[in-house]
Amino acid sequence: MTLGNSMLIPILPKMESELNINSFQASLTITIFSIAAALSIPVLGYLSDRFSRKSIILPALALYGLGGLLAGMASAWFDSAYLWILIGRALQGVGAAGTAPIAMALTGDLFKGGEQSKVLGLVEASNGFGKVLSPIVGSLLALIVWYGPFFGFPIFCVVSILLLLFFVKEKKKKQKPPTLGNYLKGLFTVFKHEGRWLFTAYLAGATGLFTLFGLLFYLSDVLETDYNITGVLKGCVLAIPLLFLMSTSFTTGSKIGKNHRAMKHLIVLGLLLMTASFASLIFFTKLIPFIAVLVVSSIGTGLVLPCLNSFITGSVGKARRGFVTSLYGSVRFLGVAAGPPVYGWLMNWSRNGMFLSTAGLTLLVAFLCLILIHVKKQDSDDKDDESHSLFKKLQLTAE
């Protein structure tokens with residue numbers, strides 16, 4: 001899923017010149033993918049609850065690959081290539097809706113307790129690993145031809161389909177799926193009792209992805225215009241903050257176990273690290289110090305996302321998990337969709353204003369998480385598990 005946007009970020013400036021479009025039109029190739037995914041995810045989430053996870057993921061991967069093939073063929077041979085690229089990207093967005101969000105629900109089905117948190121951390125780390133690899137892979141494929149990344153998508157999708165077919169064994173459903181009316185009634189009950197903190201968690205996830213992709217869009221532009229860094233080297237530079245996000249996500253998911261109190265504290269701590277990093281960026285214009293400070297925000301994001309995954313995936317039973325995690329995926333995609341065009345506008349407005357408004361947003365979300373995410377008391381068995389958590393030392397005292 002993460003390849004869908006990150007792999008194209010290095011080629012956006014080249015796309016502008018080759019297709020004779022402006023930066024806003026280029027950013028729409030990111031936005032339309034994300035909006036199509038965001039609109040499709042709740043529907044596919046419901047279908048995965050009603051039928052099975054694999055029955056949704058497999059055709060979604062096929063559609064994802066076909067959309068990339070269409071965008072690549074349009075770039076190579078079609079007149080009005082830009083329009084066809086947008087159509088292909090929309091198809092890819094629908095396909096992407098059935099990948100990582102459903103995989104998160106599948107993880108929740110297959111694993112329980114502390115093991116679930118660990119594997120969800122691995123899912124988020126692989127999400128980050130995709131972000132690390134994708135600008136490098138995109139840059140390498142663009143060395144062959146600028147639209148090469150579009151043809152990379154079908155290859156990755158075929159590999160994913162084969163791996164899923166042969167290595168993922170899904171548990172058979174023992175109960176008959178509920179009717180649509182009963183399903184919606186159950187969802188209403190979930191959001192009635194858990195909605196306040198769930199929507200706050202959704203907002204935190206969307207904010208993390210919004211700021212990440214917005215600043216990657218900014219960095220991609222600055223690397224070419226101010227430093228004349230292009231190609232694979234540019235992809236490697238873009239991968240640096242993502243590498244820290246990936247490693248932090250993996251470590252966080254491995255250590256938090258079922259400790260919901262620590263999860264809440266790490267979410268707030270991560271958002272505060274993001275706030276401090278964004279606010280400090282106004283003082284740094286040279287590339288190396290700038291990236292060093294930006295890395296702090298990536299570490300913060302790496303603390304936030306695995307904890308949100310565990311909270312949200314564990315909040316409901318298997319029968320409605322697909323929809324709840326998919327809705328979370330939707331708002332994350334909306335964050336990704338909004339990032340490039342909003343930051344494109346902010347870049348033209350004020351560099352300092354862009355960083356300070358970003359810091360203000362993450363500070364506000366940190367405050368909302370602190371007051372609206374309430375941790376239920378865990379039973380004694382959970383507490384025994386918590387005592388072994390390395391993150392016990394990081395817990396904040398404020399409640």
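A: Lys 14 is partly exposed, with a relative accessible area of 41%. The terms are set by cut-offs: buried is under 20% relative accessible area, exposed is over 50%, and partly exposed lies in between, with a 1.4 Å probe and protein chains only. The model is predicted, so local features require pLDDT of at least 70 and side-chain atom pairs pLDDT 80 or more, whereas totals for chains, interfaces and linings use all residues. Residues are numbered from 1 along each chain as its sequence is written, and side-chain values use heavy atoms, without hydrogens and water.

Q: With which residue does Lys 14 form a salt bridge?
A: Side chains of opposite charge can pair when their charged atoms come close. The rule asks for a side-chain nitrogen of Lys or Arg within 4 Å of a carboxyl oxygen of Asp or Glu. The partner of Lys 14 is Glu 18, and their closest N and O atoms are 3.3 Å apart. Both residues belong to helix 2 (residues 12-19), where they are 4 residues apart, about one turn of the helix. Here a helix is a DSSP run of H or I with at least four residues, a strand is a run of E with at least two, and numbering starts from the N terminus. Glu 18 is partly exposed too, at 42% relative accessible area.

Q: How many salt bridges does the whole structure hold?
A: The search finds 3. One of them joins the side chains of Arg 53 and Asp 109, at 2.7 Å from N to O. Because Arg 53 is in helix 4 and Asp 109 in helix 6, this pair ties together parts that are 56 residues apart in sequence. Arg 53 is buried, at 2% relative accessibility, and Asp 109 is buried as well, at 5%.
Another is formed by Lys 234 and Glu 224, whose closest N and O atoms are 2.9 Å apart. Lys 234 lies in helix 10 (residues 231-256) and Glu 224 in helix 9, so the parts tied together are 10 residues apart in sequence. Lys 234 is buried, with a relative accessible area of 0%, whereas Glu 224 is partly exposed at 25%.

Q: How many aromatic pairs are there?
A: Rings of Phe, Tyr and Trp (its six-membered ring) pair if their centres lie within 6.5 Å; planes under 30 degrees apart are stacked, over 60 edge-to-face, and the rest tilted. The count comes to 13 aromatic pairs. In one of them, Phe 78 and Trp 84 have ring centres 5.6 Å apart and planes at 85 degrees, so the pair is edge-to-face. Trp 146 and Tyr 147 also make an edge-to-face pair, with 5.5 Å between centres and 85 degrees between planes.

Q: Are Trp 146 and Tyr 147 buried or exposed?
A: Both are buried. By contrast, Phe 78 is partly exposed at 30% relative accessible area, and Trp 84 is partly exposed at 35%. Elsewhere, ring pairs join Phe 33, Tyr 64 and Phe 153 into a cluster.

Q: What is the volume of the largest pocket?
A: On a 1 Å grid over the protein atoms alone, a cavity is a set of points where a 1.4 Å probe fits but cannot get out, and a pocket is an open set with protein on both sides within 12 Å along at least five of seven lines; lining residues have an atom within 4 Å of a point. Points are joined across faces, edges and corners, and a volume is the space filled by probe spheres set on them. The largest pocket holds about 1300 Å³. Its lining has 46 residues, and Met 1, Ala 100, Ala 103, Ser 126 and Ser 160 are the closest to its centre. Helix 7 gives the largest share of this lining, 11 residues.

Q: What lines the largest cavity?
A: The structure has 2 cavities of 30 Å³ or more, and the largest has a volume of about 80 Å³. Its lining residues include Gly 208, Pro 241, Phe 278 and Ser 297. The largest share, 5 residues, comes from helix 9. Ser 297 is found in helix 12 and is buried at 5% relative accessibility. Leaving out residues up to four places away in sequence, Ser 297 touches Met 274, Ser 277 and Phe 278, where contact means heavy atoms within 4.5 Å.
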